[in-house]
Protein chains: 2
Amino acid sequence: MRELVKAFKALSDETRLRILNLLLERECCVCEVMQVLDISESRASRNLSFLYDAGFLKLRREGLWALYSIDREGLKEHYTDLVEAVRKALEGNETAIQDRRRLRTAQRIGPGCVVASTN
Amino acid sequence: MRELVKAFKALSDETRLRILNLLLERECCVCEVMQVLDISESRASRNLSFLYDAGFLKLRREGLWALYSIDREGLKEHYTDLVEAVRKALEGNETAIQDRRRLRTAQRIGPGCVVASTN
DNA sequence: GTAATATATGCGTAGTTGCGCATATAAGGA
DNA sequence: TCCTTATATGCGCAACTACGCATATATTAC
């Protein structure tokens, strides 16, 4: 029960829902989340960490980058249900659509992890 | 997005999950929830109200009783997904099983809305 | 080793949440 | 109308949460 509460708590925040929305698109590093969602690095890192601790994400490191993604293989069934529910719920959501749009044109291209959205 | 956050918030509390678990069994009045879960009337009422306001429940009145139930026909699709996810997640949960067990032997039998669980 | 870069985390603060206690409100019966 | 019963709600308080700011930690390149 405590675990389920934790999972719902993880999802009961807009910032974290928007992050999960990005990760439904593809794996991201902290600085990509930071820039795409236009939030502070600290805020991005903490919320990614929160989702990770709740059991939704997996983490791999590549050089300086911490890459988070949805742990589709490792998720317990009801977590999968929750992620799917979020995906469906955000399908027509304008903010979510714009966030994903920006991520699609983003690239992890080096120093400062610049999101190529200034183009 | 705000609505989705509200839905997850509604589910991110143990008391409310336990209430929803009862309502998965059947319609309940405040005093049944109060007694089955062994919580105060105030706590039962508020949490039922929270779930109702979040859009999960429907309410009908019968005399002194306020009867809450899961609004299966009126639920938006992703709400249905969430409720289903809760149901599955609580399937093997001991607390949830015991709560439902007690509710099964309960009856709305009059003054004080006594739950026939002393038998 | 030093400097630059990406991320994690300590600390403080404002806002939110859950709930006990008391009381208000609504409904039914005499 | 008054009394009883079921429920809703005001109020206060302790605990929790989200986040900005600053700094610590980890990694890489020179």
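1. The accessible surface of chain A amounts to about 6100 Å², and carbon and sulfur atoms hold 46% of that surface. The model is predicted. Of the 119 residues of chain A, 48% count as buried.

2. Chain A has 6 helices and 3 strands, arranged along the sequence as α-α-β-α-α-β-β-α-α. Among the contacts in chain A with a separation of 6 or more, 63% are between residues 24 or more positions apart.

3. The area buried between chain A and chain B is about 2000 Å², with 73% given by carbon and sulfur atoms. A:M1, A:F8 and A:S12 supply 33% of what chain A buries against chain B, more than any other three residues. In terms of contacts, 22 residues of chain A meet 22 residues of chain B.

4. Between chain A and chain B there are 2 salt bridges and 4 residue pairs in polar contact, both residues at pLDDT 80 or more. The elements giving two or more residues to the side of chain A that touches chain B are α1 (2-11), α2 (14-25) and α5 (77-89) of chain A. α5(A) gives the most, with 8 residues. By type, this side of chain A divides into 11 nonpolar, 4 polar and 7 charged residues.

5. One salt bridge joins A:D81 to B:K88, with the closest N and O atoms 3.1 Å apart.

6. A:L59 is in strand β2 (residues 57-62) of chain A. A:L59 is partly exposed, at a relative accessible area of 29%. Apart from neighbours within four places in sequence, A:L59 contacts A:Y52, A:A66, A:L67 and A:Y68. The C-alpha atoms of A:L59 and A:L48, 11 residues apart along the chain, are separated by 9.8 Å.

Key. Residues numbered from 1 in each chain as written. Chains lettered and ligands numbered in written order. Predicted model: local features only at pLDDT ≥ 70, side-chain atom pairs only at ≥ 80, totals over all residues. Heavy atoms only, no water. Helix = DSSP H or I, 4+ residues; strand = E, 2+ residues; numbered from the N terminus. Buried < 20%, exposed > 50% of the residue type's maximum accessible area, 1.4 Å probe, protein only. Contact = heavy atoms within 4.5 Å. Areas by Shrake-Rupley, 256 points an atom, 1.4 Å probe, with all protein chains shown as cover. Buried area = accessible area lost by both parts, 1.4 Å probe. Salt bridge = Lys/Arg side-chain N within 4 Å of Asp/Glu carboxyl O. Polar contact = N/O pair within 3.5 Å; in protein donor to acceptor, adjacent residues only side chain to side chain. Nonpolar A, V, L, I, M, F, W, Y, C, P; charged D, E, K, R; others polar.
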